[in-house]
Amino acid sequence: MDFKLLEQEALSILNKEELIIDQRMELVCQLLQEKVAHYDWVGFYFKNGEKPELKLSAYAGEPTEHTIIPFGKGICGQVAESNQNFVVPDVQAQDNYISCNINVKSEVVIPLFVNGENIGQIDIDSNTANAFNEADERFLEKINAAVADILMRNKA
Ligand code: SME
């Protein structure tokens with residue numbers, strides 16, 4: 001997988017001024033889900049206003065009923081509190097895990113920071129066990145940084 005090329009494609013989508021931010025995010029989710037064989041579900045969760053919970057924003061893959069996740073619950077809710085990447089090689093081995101789809105075997109969640117504040121995350125599910133490594137982490141950190149940049153620029 002050529003993550004460098006994919007990063008460029010994601011950047012060019014994020015810079016499409018003619019699209020609203022939500023559309024750009026959705027296209028990025030679709031791009032990653034289509035181009036990376038082990039990315040079966042790709043989504044962004046963001047802090048829901050002042051509430052201690054995450055709300056699903058753009059995603060690609062099967063719809064999930066878990067559109068709201070309280071802080072501390074599941075892999076996503078834990079990352080909202082820890083501010084750390086969470087790589088899960090085997091979701092069945094996790095006590096604090098929320099299942100969105102029975103086919104999912106592994107997961108990675110990477111926090112998204114704006115001005116040092118953890119405002120959300122990218123969440124990837126894979127139907128392959130132990131699918132994620134450090135290359136995925138570095139790639140997804142770059143995607144999140146690019147999204148943070150666009151969000152900041154559009155706030156100003
Ligand atoms: N598995 C996540 C829930 C989100 S779904 O993967 C889309 C979790 O444990 O937080």
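How much of the chain over residues 22-151 is helix, and how much is strand? In this predicted model, that stretch is 32% helix and 31% strand. UniProt lists residues 22-151 as "domain: GAF", and the listing comes from an unreviewed entry.

Now let's look at the ligand. The ligand sits in the largest cavity. Around the ligand you will find Trp41, Tyr45, Ile69, Gly74, Ile75, Cys76, Tyr97, Ile98, Cys100, Glu107, Asp123 and Asp125. By kind, this shell divides into 8 nonpolar, 1 polar and 3 charged residues.

Which elements each supply at least two residues of the shell? They are β1 (41-47), α3 (74-82) and β6 (117-126). Of these, α3 gives the most, with 3 residues.

| Residue | Atom of the residue | Atom of the ligand | Distance |
|---|---|---|---|
| Isoleucine 98 | backbone N or O | nitrogen | 2.7 Å |
| Aspartate 125 | side-chain N or O | oxygen | 2.8 Å |
| Aspartate 123 | polar side-chain atom | oxygen | 3.4 Å |

How much of the area that the ligand exposes when taken alone does the protein bury? Taken alone, the ligand exposes 310 Å², and the protein buries 100% of that.

Notes
Residues are numbered from 1 along each chain as its sequence is written. This is a predicted model: local features need pLDDT of at least 70, side-chain atom pairs count only at pLDDT 80 or more; totals for chains, interfaces and linings use all residues. Side-chain values use heavy atoms; hydrogens and water are left out. A residue is near a molecule or strand if one of its heavy atoms lies within 4 Å of it. A polar contact is a pair of N or O atoms within 3.5 Å; within protein, one must be able to donate a hydrogen and the other to accept it, and residues adjacent in sequence count only if both atoms are side-chain atoms. Accessible areas come from the Shrake-Rupley method with a 1.4 Å probe; for residues, only the protein chains shown count as cover. On a 1 Å grid over the protein atoms alone, a cavity is a set of points where a 1.4 Å probe fits but cannot get out, and a pocket is an open set with protein on both sides within 12 Å along at least five of seven lines; lining residues have an atom within 4 Å of a point. A molecule sits in a cavity or pocket if more than half of its atoms lie within 2 Å of its grid points. Helices (H or I, at least four residues) and strands (E, at least two) are DSSP runs, numbered from the N terminus. Ala, Val, Leu, Ile, Met, Phe, Trp, Tyr, Cys and Pro count as nonpolar, Asp, Glu, Lys and Arg as charged, and the others, Gly among them, as polar. UniProt positions are given in the numbering used here, feature names are shortened, and annotations may be inferred rather than shown by experiment.
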